[in-house]
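Please look through the sequence and the model shown here before reading on. The briefing then takes up a few selected features, one topic at a time.

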Amino acid sequence: MHRIHWFDEQIRSGRFPNSGGLARQFEISRRQAQRDIEYMLNTLRAPLMYVAKYRGYCYEDQTFRLPHLYMTDEEQRVLKYLAHRYQHYEYDQSDAVKRVAHLLERFTMEEHLPEKQQFPVFTAQPRQLQWFELLTHAIADARKVHIYYKDHDGEHRMTFCPVKLTAQFNADYVVGYEKDPLQQTPIRLESIVQLTLLDEHFECNQDTWISGWEDPMPVRKPFVAEIRFHEMQQSELWQGYRIREQKGQVCLIEFYDADVFLQHLYAAEWEELLSPGWLRRKLLKRAEEITERLSRGQNGGEQDG
């Protein structure tokens with residue numbers, strides 16, 4: 001729609017735009033630019049008329065106006081959330097992804113949020129959405145919270161000073177401290193069990209907590225699975241997973257979440273999982289558990305018969 005608005009403005013200023021100018025302005029293909037023009041003509045019912053003399057378009061009816069595009073609050077939240085996630089993407093092609101984040105931000109109501117209010121406000125999980133809302137108020141008002149969360153080290157209860165919400169590797173975190181602003185802790189939102197806003201405030205010195213939070217979590221390197229296929233793969237991805245290297249029918253495939261990747265292996269077609277050994281053992285154990293459950297069901301059915 002940003003391209004269409006630009007095209008509309010060019011027409012109204014008497015510049016007779018065409019698909020070539022649209023493509024150059026937004027660095028898109030000529031074909032994509034032509035589709036935008038066709039969208040204006042066929043969907044938005046724009047009275048476009050091509051003027052051969054000027055090699056561009058004008059409106060046959062000068063009273064035409066582009067329809068107002070209404071975006072719901074929920075759609076605004078979705079775009080803000082995606083923009084936030086893309087801003088914190090630090091993996092392959094991160095520059096291109098961050099440009100997408102900038103474009104998404106332009107479609108939201110608040111284009112320039114104060115620094116301390118740059119946080120996601122939408123998530124698929126209702127409980128995490130509640131944590132977002134509460135932490136939003138806490139950060140904006142510099143209010144302490146009582147937080148109870150569970151992680152791999154056990155259970156934790158503390159009075160916490162939240163200063164920032166951020167994202168690392170497909171997960172959202174609140175960053176803050178208990179007593180010392182220089183000893184900041186990231187807490188994963190999905191690990192939070194209870195969260196309560198307190199009436200007590202803390203002094204939020206932005207320079208202090210930013211300088212104390214320089215790249216809190218290092219970029220996580222992917223796991224690599226060596227898999228033999230029946231035939232060579234013809235693209236850089238195997239059903240969404242990046243192929244790092246291919247030697248004949250053997251591919252080195254990157255993945256981050258072992259459980260999700262195992263689920264993919266259950267359904268996908270492949271010949272042999274060569275490595276890593278721990279993934280082979282995990283897959284074998286799962287297969288044995290499934291076989292055992294199927295055997296118990298079969299034996300029970302024979303006894304019932």
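This is a predicted model: local features need pLDDT of at least 70, side-chain atom pairs count only at pLDDT 80 or more; totals for chains, interfaces and linings use all residues.

**How the two helices meet**

- Two packed helices are described by the angle between their axes and the distance between the axes.
- Helix 1, which covers residues 2-12, and helix 2, which covers residues 19-26, have axes that come within 11 Å and cross at roughly 130 degrees.
- The crossing in which helix 1 passes helix 2 is right-handed.
- On the side of helix 1 the contact is made by H2, R3, W6 and F7, while helix 2 contributes G21, L22, Q25 and F26.
- Sorted by class, the residues in this contact are 4 nonpolar, 3 polar and 1 charged.

**I4, a residue of helix 1**

- I4 lies in helix 1, and because its relative accessibility is 5%, where buried means under 20%, I4 counts as buried.
- Leaving out residues up to four places away in sequence, I4 touches D36, Y39, M40, L44 and L66.
- The C-alpha atoms of I4 and L22 are separated by 9.1 Å, and these two residues are 18 residues apart along the chain.

**S19, a residue of helix 2**

- S19 has its place in helix 2, and with a relative accessible area of 7% S19 is buried.
- The side chains of S19 and R30 are joined by a polar contact of 2.7 Å.
- When neighbours within four places in sequence are set aside, S19 is in contact with R30, A33, Q34 and I37.

Definitions and conventions. Residues are numbered from 1 along each chain as its sequence is written. Side-chain values use heavy atoms; hydrogens and water are left out. Axes are lines fitted to C-alpha atoms, for helices over the stretch in contact, and angles run from 0 to 180 degrees between N-to-C directions. Helices (H or I, at least four residues) and strands (E, at least two) are DSSP runs, numbered from the N terminus. A crossing is left-handed if the near helix is turned anticlockwise from the far one by less than a right angle, and right-handed if clockwise. Contact means heavy atoms within 4.5 Å. Ala, Val, Leu, Ile, Met, Phe, Trp, Tyr, Cys and Pro count as nonpolar, Asp, Glu, Lys and Arg as charged, and the others, Gly among them, as polar. Buried means under 20% relative accessible area, exposed over 50%, partly exposed in between (1.4 Å probe, protein chains only). A polar contact is a pair of N or O atoms within 3.5 Å; within protein, one must be able to donate a hydrogen and the other to accept it, and residues adjacent in sequence count only if both atoms are side-chain atoms.
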